[in-house]
Amino acid sequence: MSYQDPSLKLFSCNSNPMLAEEMSRIIGVPLGQAEISQFSDGEIQIQLHESVRGCDVFVIQSTSHPVNDHLMEMLVMVDALKRASAKTINLVIPYYGYARQDRKAKSRDPITAKLVADLITAAGAHRIITMDLHATQIQGFFNIPVDHLHGVPIIAEYFIGKGLQDVVIVSPDHGGVVRARKLAEKLQAPIAIIDKRRPEPNVCEVMNIIGDVAGKTAIIIDDIIDTAGTIVLAADALQKAGAKRIFASCTHPVMSDRAVERLENSVIEEIVVTNTIPFLRESGKFTVLSVAELLGKAVVHVHKNISVSVLFETV
């Protein structure tokens, strides 16, 4: 894909410059000239070094670690573009942070996913392009259009290429069944579900497995791997239930705490992730797939007013 149009501008904040550069090469549009820095007290400073007047501007920024810095960079960038008379301001947010706080799980909980949506809208953004929201209803938290792309087709294409036999797709919880079913349809495989209990955040206890995994190649699919506790416990349970090979996959490799170490020491044969969050391959167990082409196509479709729905199920 090579697309030349002076009214299309791409800017990158600091969360994922490698993905932004890859998207820039695929689309054929250079990244805009901007300087993002901090004052001595940590306040974000952004200076645009080129005109954006009357342009469709796309800002590439995941709200990953450090979440608050990257969120604030994005908001300040939106304000700078708005005051510089950009025609439209479109945020490409491969990973939408705070998405797991999407409801009141107990009394007096905040719904931070809605708060962040309000901040983005109030700042002046016109559209969001994102991938694999933790809960799809978060789209409704915005009063602006949200194009919600999926990582499953990219992950499915990789596993199809491996030619695995006797595959079963495993959802690590009940909430991920729809995602697991989509991958299962593409691989023409059955699904299984881990029935678990979570006594507190980032702590879970596997209860039992719904479905047949004995003698099969299990592929665990999730949207996020954070501390890797859930995935590792699920893999142990699958091994005890007779799975002969175990793979894991996710769209967003948050990988906090000792996640990489846990995965390296687990019974999982390979962990397949995407680059919505920068993740440097730290061992032979990890495979990183790029979402740059999918996001690049979405940018061009939005700019040219072409339907984005054709991208939901294809790479």
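Which residue, with a positive phi, follows α4? The points below begin with that helix and then turn to charges and rings.

1. This is a predicted model, in which local features need pLDDT of at least 70 and side-chain atom pairs count only at pLDDT 80 or more, while totals for chains, interfaces and linings use all residues. Residues are numbered from 1 along each chain as its sequence is written, and side-chain values use heavy atoms, with hydrogens and water left out.

2. The residue that follows α4 is G163, and its phi is positive, near 65 degrees. Helices here are DSSP runs of H or I with at least four residues, strands are runs of E with at least two, and both are numbered from the N terminus. The buried residues of α4 are V152, P153, I154, I155, A156 and F159, where buried means under 20% relative accessible area, exposed means over 50%, and partly exposed lies in between (1.4 Å probe, protein chains only). Among the elements that cover these buried residues are α5 (177-187), β11 (217-225) and α8 (292-303).

3. The count of aromatic pairs comes to four; rings of Phe, Tyr and Trp (its six-membered ring) pair if their centres lie within 6.5 Å, and planes under 30 degrees apart count as stacked, over 60 as edge-to-face and the rest as tilted. F159 and F247 form an edge-to-face pair, with 5.9 Å from centre to centre and 80 degrees between the planes. This pair links distant parts of the chain, since F159 belongs to helix α4 and F247 to strand β12, 88 residues apart. F159 is buried at a relative accessible area of 2%, and F247 is buried at 0%.

4. K285 deserves a separate reading. This residue sits in the loop between β13 (270-274) and β14 (286-289), and K285 is buried yet has no salt bridge, the nearest side chain of opposite charge being E264, 8.2 Å away. For charge, Lys and Arg count as positive and Asp and Glu as negative, whereas His and the chain ends are not counted; a salt bridge is a side-chain nitrogen of Lys or Arg within 4 Å of a carboxyl oxygen of Asp or Glu. What the side chain of K285 does reach is the backbone oxygen of E264, at 3.1 Å, and a polar atom of that side chain also lies 3.1 Å from the backbone oxygen of L263.

5. Elsewhere, the salt bridges number 15. R83 and D79 form one of 2.7 Å, N to O, and they are separated by about one helical turn because they are four residues apart in helix α2 (residues 67-83). R83 counts as exposed at 65% relative accessibility, whereas D79 counts as partly exposed at 26%.

6. Other salt bridges join separate stretches of the chain. K244 pairs with D166, their closest N and O atoms being 3.7 Å apart; K244 lies in the loop between α6 (229-240) and β12 (245-253) and D166 in the loop between α4 (152-162) and β8 (167-171), so the pair ties together parts that are 78 residues apart in sequence. R245 pairs with E269, with closest N and O atoms 2.5 Å apart; R245 lies in strand β12 and E269 in the loop between α7 (259-264) and β13, so this pair ties together parts that are 24 residues apart in sequence.

Notes: A polar contact is a pair of N or O atoms within 3.5 Å; within protein, one must be able to donate a hydrogen and the other to accept it, and residues adjacent in sequence count only if both atoms are side-chain atoms. Contact means heavy atoms within 4.5 Å.
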